[in-house]
Amino acid sequence: MADSTEPRTAPISPPPAGSAAPEDAYLEKRALRRGSAGPLLLTGLGVAYVVSGDFSGWNNGLAQGGFGGLAVAAVLMGLMYTCLVFALAELASVLPTAGGGYGFARRALGTWGGFLTGTAILIEYVLAPAAISIFIGDYVESLGLFGLTSSWPVYLACFVIFIGIHLWGVGEALRFSLVVTAIAVAALVVFALAAATDFHVSALNDIPADKHAFGASSWLPFGLLGIWAAFPFGMWFFLGIEGVPLAAEETKDPARTLPKAMAAAIGVLLLLALVTFLTATGARGAAAIRSVGDPLVQALQPHGEPTVASRVVNYAGLAGLIASFFSLIYAGSRQLFALSRAGYLPRFLSLTSRRKAPYLGLLVPGALGFALAAATGDGARMLNVAVFGATISYALMALSHIVLRRREPELPRPYRTPGGVLTSSVAFVLACSALVATFLVDKEAAVIALVVYAVALAYFALYSRHRLVAAAPEEEFAALAAAEAELERD
């Protein structure tokens, strides 16, 4: 997918005598705060992206595949994310910049591949916070907090308060995220201990089998196709962890720190997924929690009466939603920042403040997210669109790892993916399968994502691909590869 011709870069006016080079001046206005994140904050960031998915959402997969179908789907999606994380860890050690997946694909697949990947990631990280703000509003209203009977003030408060923390500084933002994430994880431990006391194996497969479904049984009540249909919900236990590399430019020693933090985060998430899924389903039964908005709370209330544990989990579910909302805002701003800095999107979106925060990269998606949340109130649909964008990016990022391993085997790699190309190939195949599965769950969401994609691609094809910024780190990295290849041919 590499381009046959190099895109033109927009001219930068010569600097006055004695001033910095135009490229330096351009990048100085678009600089992030270096060295703000260490291994603990990055591990917390990886878990924060995902933790809200443990509290709700995944259980809808029981309605698609039953316990057995969702169990197989969750295992396969856990395998996909594990393989993808290790592939991305290698790519992040090679190119530790804020571009993340866009930068990896730019080197491997050319400008078109870079834009396709970056846009897919942006769809995920712009729509997911909007969806989660709706869920936060529903939680606040159901808990009777602040006497609210309408959720739009909650949406507004979420975007204003939490974007404000991000504008304050990345170090402060990541520490806040770590604290809220720790509260949510602690609540999951409390839940698991409480639910385990009422665990019954017979409750796992209490959904009646559909006799007309191929391969249907008590463990697969909707047949073999139910496994595939449950893929998007198996993803809820892990969706978002791929955003950790976006913190590269704000990380201490990113080539070493990022792989360690990503491995630790996926380990924590795999454990949380296993414990949460088993205990919640075994405590109350697959049939009872398959379509509820608060499966963990319902699992602790078999007779509908609140308990101390269910109240703790209910309030902590709000903490989990806040953690994911907060961290996804961060990821979206960094992906938008990198694409803008390189000229794929309007350049003014990558300007940073005195505190080195990409303020427009935070404010513009925030305003869009609030408008979508307030106008539609359809969090499930927006999250399905986000999942569609995510699966496209997974396939392209895994493909980037494969291409770079094949085409540039001598490229210095401070960290190497265990299993090499085999690992990323597994991630690629499963990502493609998950992409197709999204059509089984919500065809309209898939169509919406494709329409957004088409508009973005038209903008790139007709305008921005001719105005890329060669001085951007991801573009320099790709240009260096092209120059080296040219020398080898000569």
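A: Threonine 438 is buried, because its relative accessibility is 6%. Buried means under 20% relative accessible area, exposed over 50% and partly exposed in between, with a 1.4 Å probe and protein chains only. Threonine 438 sits in helix H16, residues 421-441. Helices are DSSP runs of H or I with at least four residues, strands are E runs of at least two, and both are numbered from the N terminus. Beyond residues up to four places away in sequence, threonine 438 touches Pro232, Val387, Phe388 and Lys443. Contact here means heavy atoms within 4.5 Å.

A word on the source. This is a predicted model, where local features need pLDDT of at least 70 and side-chain atom pairs count only at pLDDT 80 or more, while totals for chains, interfaces and linings use all residues. Residues are numbered from 1 along each chain as its sequence is written, and side-chain values use heavy atoms, with hydrogens and water left out.

Next, the packing of H16. Helix H4 (residues 62-94) packs on H16 at about 130°, and their axes are 8 Å apart. Axes are lines fitted to C-alpha atoms, for helices over the stretch in contact, and angles run from 0 to 180 degrees between N-to-C directions. H4 and H16 are therefore oblique to each other. Angles under 35 degrees count as roughly parallel, over 145 as roughly antiparallel, 65 to 115 as roughly perpendicular, and the rest as oblique. The crossing of H4 with H16 is left-handed. That word applies if the near helix is turned anticlockwise from the far one by less than a right angle; clockwise is right-handed.

H4 brings Leu76, Met77, Leu79, Met80, Cys83, Leu84 and Ala87 to this contact, and H16 brings Thr423, Ser424, Val426, Ala427, Leu430, Ala431 and Ala434. By class, that is twelve nonpolar, two polar and no charged residues. Nonpolar covers Ala, Val, Leu, Ile, Met, Phe, Trp, Tyr, Cys and Pro; charged covers Asp, Glu, Lys and Arg; the others, Gly among them, are polar.

H4 also holds glutamate 90. At 1% relative accessibility, glutamate 90 is buried. Leaving out residues up to four places away in sequence, glutamate 90 touches His401, Arg405, Arg413, Tyr415, Arg416 and Thr417. Glutamate 90 and leucine 360 are 270 residues apart in sequence, and their C-alpha atoms are 30 Å apart.

Now the core. A nonpolar core is a set of buried Ala, Val, Leu, Ile, Met, Phe, Trp, Tyr and Cys residues joined through side-chain atoms within 4.5 Å. The largest one has 140 residues, and Phe55, Trp58, Tyr81, Ile136, Ile241 and Tyr394 have the most contacts inside it. Helix H5 (residues 101-142) gives the most to this core, 18 residues. A second, separate core has 18 residues, including Ala98, Tyr102, Leu122 and Leu336. Back to tyrosine 81: setting aside neighbours within four places in sequence, its contacts are Met235, Phe238, Leu239, Ile241, Glu242, Ile266 and Tyr394.

The axes of helix H7 (residues 170-196) and helix H10 (residues 254-284) come within 9 Å and cross at roughly 40°. H7 and H10 are therefore oblique. Their crossing is left-handed. H7 contributes Val185, Leu188, Phe191, Ala192 and Ala195; H10 contributes Leu272, Val275, Thr276, Thr279, Ala280 and Ala283.

Helix H6 (residues 152-168) packs on H7 at about 130°, with axes 5 Å apart. H6 is thus oblique to H7. Phe162, Ile165, His166 and Trp168 of H6 meet Val170, Glu172, Ala173 and Phe176 of H7. These divide into six nonpolar, one polar and one charged.

Finally, the loops. Isoleucine 207 lies between H7 and helix H8 (223-229), and at 5% relative accessibility isoleucine 207 is buried. Aspartate 253 lies in the loop between helix H9 (231-234) and H10. Its phi is near 45°, a positive value in a residue other than glycine. At 41% relative accessibility, aspartate 253 is partly exposed. Lysine 356 lies in the loop between helix H13 (308-341) and helix H14 (359-376). Phi of lysine 356 is near 65°, again positive in a residue other than glycine. Lysine 356 is partly exposed, at 32%.
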